[in-house]
Structures are given as C-alpha cells and as structure tokens.
Amino acid sequence: MKKRKKIAILLLSAMLMLAFSMTLLAAALPSISAGKPILCYTLKSSGRVYAYTAANLRTKTGGYIECPTDECRILKISGNAVQVKYPVSGGTRTAWFARNEFTTYNIVNGAAEKWTQKTKANSYKHADGKDAYGSISAGDVCYKLSESGSYMQVIYPVSDGYKMGWVAKDHKHDDAGAGSTARLIEDGTYKVASAINNSYVWDIDDASSANGANIQLYRDNGTNAQIFQFTYNQDGYYTIKNVNSGKAVDCAGGASSNGTNIQQYTSNHSCAQRWKLKSAGNGYVSFICKCNGKMADVSGGVAANRTNIQIYQPNGSTAQKFKLVKTAALGNTGNHGGAVSPKPSSDLLFPLKGNIRTSSGAKTNGYRCDYKASAGTPVYAPADGKVTFRQTYSVRYGKLASYGNHFIFTSSDGKYEVKCAHLSQFHDVSLKYKSSLPYPCSASKYSCKTVNLGKKREVKQGDLLGYAGQTGNASGPHLHIEVKKDGKAVNPASVFETWK
C-alpha cells in the first residue's frame with residue numbers, strides 16, 4: 001500500500017512539473033492546440049519525412065510527409081518530437097515526427113526573439129525564399145526561431161492559428177537589438193580609419209570595381225578607393241558606397257557567421273548593405289550590419305596592408321572601432337599609388353613590430369643580424385618597392401638549407417635592398433620545398449641552389465610578406481636580416497625606424 005502511495009505521489013509530481021513546463025512554454029511562444037495549430041512545411045524542400053507512433057520516436061507508422069507539397073499542422077511539442085496533422089489520400093492523419101524536421105531551434109525553450117512587426121513582409125515555405133507562403137502584417141507579434149543565409153524562421157499569427165515560415169532578415173523589426181536610430185553623422189564622403197592605427201583605412205582591393213572585391217585595411221594613400229559615401233536611411237541605417245566604384249559595402253551572402261567577409265557589391269537595398277553607426281566613445285564608431293547584428297571587425301586585430309575586414313560578434317575590442325574622417329572625393333580614382341606620390345622609400349620601417357631585440361646568444365656577423373621573433377610572427381614590407389620570394393635548398397636532398405625561405409626586398413628608388421631569411425611561410429605564396437635539413441645545414445656543407453617563387457611583386461609599406469620561423473640553417477625561430485644601401489652592406493639598426 002505504501003509502495004503504491006509513493007508511486008502515486010511521484011506520478012503527481014511529474015504531472016505538475018510537466019504542467020509547469022507547458023506554462024513556461026505558453027509564456028514564451030503562442031499557445032498551441034488543435035484549435036490554434038502552427039501551419040508549416042518541413043525544412044527539406046524535397047523528399048519525404050517519416051512518421052512515428054509516439055513521442056519517443058522509436059516505432060515508425062509507415063506514414064510520411066511529402067516535403068515539397070504537404071502543408072502540416074503542429075499540434076503539440078514534446079521534447080525532441082512534435083505531434084503533426086498531415087495530409088494523406090482522402091483526408092488527414094496525426095502522428096509524431098522529429099522536431100528537427102521542421103526547425104533546428106529547440107522550441108521547447110521558447111523563441112529566440114520576440115518583436116512587433118512594423119511593416120508588411122512576405123513569407124516563404126523554405127529558407128531559399130522561392131515558394132511564397134503568405135505575409136506578415138504590420139502589428140503582428142512575431143517569434144524568431146533560427147536563421148539560414150539571408151532568411152530567418154519565424155512564427156507569426158494567421159486567422160486559424162499560426163504559421164511558421166521564412167522571411168528575409170531585413171524585414172525584421174528594425175530596432176530589435178540594434179540600438180538607437182539616431183543619426184550620428186551627416187551624409188557625405190568619409191575615410192574609415194582603424195582605431196588600432198589611424199594611418200590604416202578601409203580600402204577596396206586594387207581599386208577594383210568588380211562585385212565581390214574585398215574591403216581591407218590599407219595605409220592611407222589619398223585615393224578614391226579609400227573614400228566612401230555615407231547616406232542615411234529612414235530606418236536608422238546607412239548605405240555606404242565606395243566613391244571609386246560606386247558599389248555598396250556588403251556583408252557577403254547576408255551570412256551571420258563570425259569571419260564572414262565584407263565586400264563591395266552592386267546596390268540592392270538588402271539588409272546586407274545596411275549599416276548602423278554606434279558610438280564607441282572617444283570619437284570612434286562601430287558598424288552594425290542590419291541582417292545579423294554583428295560588427296565590422298579588423299581580422300586578427302592587426303593594422304597592416306591588406307588585413308581583411310569581416311563581421312564578428314560584438315566584443316568591445318579596438319578591432320571593432322573606427323574613426324570617420326570627413327574627406328572630399330578626389331579628382332583621381334584608383335588606388336595604391338594612382339596620382340598620389342608614394343612615401344619616400346628612404347624612410348624604412350623595421351620588418352618586425354613591437355620590441356626589437358637581437359637574438360639571445362646570437363652574434364652580429366658583420367652587418368648580418370638575427371632578431372628575436374617567435375614562430376609565426378608577421379613580417380612586413382619596410383617601404384614601397386618590389387619583393388622576390390625565394391627558397392634555398394639542397395640539390396641532393398631536396399630540402400631547405402642555408403637561408404631557407406627568404407625574400408629580397410628592393411625599395412622603389414633602388415636605394416635599399418633588404419633580405420629577410422628563415423621564414424616559416426610567405427603570405428599568399430605557395431612553397432615548393434616544405435621541410436628543412438637538420439641543423440646545421442649551411443650552404444658550405446651542402447650543395448645548394450636558390451629558386452625564385454614567381455616574379456617580383458610590387459608591395460606597399462606595411463604589406464604582410466610572411467611569418468618568422470626557423471627554416472634552413474636555423475637553430476631556432478628568429479628573423480635574419482641583411483641590408484644594403486647603394487649596393488654596400490650596412491647595419492640594419494642604422495636604417496630602420498620602429499613602427500608607431
């Protein structure tokens with residue numbers, strides 16, 4: 001008798017807990033019932049989805065939903081299962097299905113976001129936006145579940161219950177999580193300087209006018225490829241266009257994942273081309289993309305030529321802060337020189353940044369110096385000029401020796417030649433030989449040859465050229481540097497300035 005009483009108490013407790021959880025669900029999402037179901041289609045737009053006899057999803061009934069054509073009604077939610085009424089020949093049938101056949105979002109926990117729709121928006125059956133599925137009216141209370149590409153899955157009210165469909169991200173209530181719609185700057189042309197180093201600004205790669213051309217950081221060179229037209233829209237977001245190309249600043253594919261590229265693209269008025277400006281303090285602003293709520297971000301937090309601009313979740317770092325400098329559009333177009341005189345190459349900057357020290361225990365061999373640098377430390381172009389990437393290798397063993405991976409930089413006026421050696425890899429250059437002989441492996445010990453990897457490249461001061469390492473005849477990671485001035489070897493310390 002006592003045993004039965006305990007079981008009864010346990011069952012009653014379980015029922016109360018279930019009732020409580022359902023109450024929480026009803027508070028977060030619309031109340032679902034046979035009278036107010038959620039109308040929807042499966043996530044898949046082709047094939048079939050199979051039914052089960054119970055919410056434990058163990059035994060199939062033999063029934064199925066035809067994904068392209070069958071509109072379903074979700075009647076109940078239970079853990080990872082949903083009870084669904086679906087069409088069959090001559091009527092309908094009710095069975096249980098896996099929840100993730102309809103949404104990847106755990107709707108047991110409620111909606112990800114709730115808002116009141118401000119304007120009419122079209123909805124679609126699937127995330128590809130191809131098959132229309134009615135519309136959301138102004139004033140409708142909507143519940144966001146998940147995102148896929150340029151669309152988000154939402155639940156919204158209809159006359160006989162609710163629908164779960166897909167709408168374009170730019171049709172979401174504009175103020176949800178986006179902050180104030182106040183205008184921060186007047187319409188006009190601006191440079192966008194990085195808070196990491198104001199000398200580096202947004203730039204269209206190679207002054208291209210092509211769709212998909214990359215937006216990157218580059219040292220300010222006074223060309224239209226680095227000047228952008230800002231135009232304020234009534235929704236509180238700006239459209240930003242490059243003066244040189246006329247193309248809009250665009251979040252590639254309207255995607256929302258961290259690291260998604262920011263590019264230029266023909267203006268299409270999508271949410272991927274709408275940007276909110278948010279004050280970041282001390283005269284800086286952050287850029288928030290309308291379609292995903294993420295911020296424009298300097299990849300890796302490094303201010304150098306051709307560092308990528310991407311989107312990333314807000315983190316308050318300097319990489320997400322920029323200064324807008326009002327600038328008149330120039331008569332010349334183009335980039336990376338154009339009609340602008342290059343910086344005098346005699347002003348050489350050290351190929352490494354930070355605290356510059358010679359390697360512990362290393363000797364300065366005449367004017368050849370070894371400098372401390374851990375493996376993977378970025379190595380930069382010291383001035384405007386040309387660079388040749390090279391590998392020195394053993395003819396017999398086919399492995400790196402002597403200088404290993406190295407480059408020779410020549411300043412644009414021909415006055416300086418800089419050799420940097422033992423790099424682990426080059427930036428955007430494929431390696432022919434990928435392993436080194438055991439140290440020591442000097443050229444005098446092995447019969448060596450040197451091969452150039454492609455033709456000379458034109459570079460600008462601050463371009464990323466490679467990464468320090470210990471290839472070739474190196475006992476540990478460091479950067480070996482040799483400098484010639486007017487053809488004569490000089491002490492590297494006498495010609496380089498440090499980065500500011």
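**Entry 1, ground rules.** I am working with a predicted model, in which local features need pLDDT of at least 70 and side-chain atom pairs count only at pLDDT 80 or more, while totals for chains, interfaces and linings use all residues. Residues are numbered from 1 along each chain as its sequence is written, and side-chain values use heavy atoms, with hydrogens and water left out.

I looked up the ring pairs (rings of Phe, Tyr and Trp, the last by its six-membered ring, with centres within 6.5 Å; planes under 30 degrees apart are stacked, over 60 edge-to-face, the rest tilted), and the structure holds 19 of them. One of them joins Y124 and Y151 edge-to-face, with 5.8 Å from centre to centre and 80° between the planes. This pair links distant parts of the chain, since Y124 belongs to strand β8 (residues 121-124) and Y151 to strand β11 (residues 151-158), 27 residues apart; I take strands as DSSP runs of E with at least two residues, numbered from the N terminus. Y151 counts as buried at 18% relative accessibility, where buried means under 20% relative accessible area, exposed over 50% and partly exposed in between (1.4 Å probe, protein chains only).

I then turned to F389 and F407, whose ring centres are 6.3 Å apart with planes at 65°, so this pair is edge-to-face. F389 is in strand β28 (residues 385-394) and F407 in strand β29 (residues 400-411), so the pair ties together parts 18 residues apart in sequence. F389 is buried at 3% relative accessibility, and F407 is buried at 0%.

I looked for nonpolar cores (sets of buried Ala, Val, Leu, Ile, Met, Phe, Trp, Tyr and Cys residues joined through side-chain atoms within 4.5 Å). The largest has 33 residues, and those with the most contacts inside it are W202, F230, W275, F287 and L324. Apart from it lies another core of 29 residues, among them V387, F409, V483 and V495. W202, F230 and F287 also belong to a cluster linked by ring pairs, together with Y190, F228, Y232, Y238 and F322.

I placed H126 in the loop between β8 and β9 (132-136) and found it buried, at a relative accessible area of 3%. Not counting residues up to four places away in sequence, H126 is in contact (heavy atoms within 4.5 Å) with partners including Y41, C67, D131 and W166.

An open sheet runs in the order β27-β34-β31 with antiparallel pairing, where two strands pair if DSSP finds at least two bridges between them. β27 pairs with strand β34 (residues 464-467) over three bridges, and the bridge partner of P378 in β34 is Y467.

I found seven salt bridges, each a side-chain nitrogen of Lys or Arg within 4 Å of a carboxyl oxygen of Asp or Glu. D205 and R306 meet at 3.6 Å, N to O, and D463 and R306 meet at 3.1 Å, N to O. D463 lies in the loop between β33 (457-459) and β34 and R306 in the loop between β22 and β23, so this pair ties together parts 157 residues apart in sequence. D463 is buried at 2%, whereas R306 is partly exposed at 32%. Shared partners join D205, R306 and D463 into one network.

Key. Helices (H or I, at least four residues) and strands (E, at least two) are DSSP runs, numbered from the N terminus.
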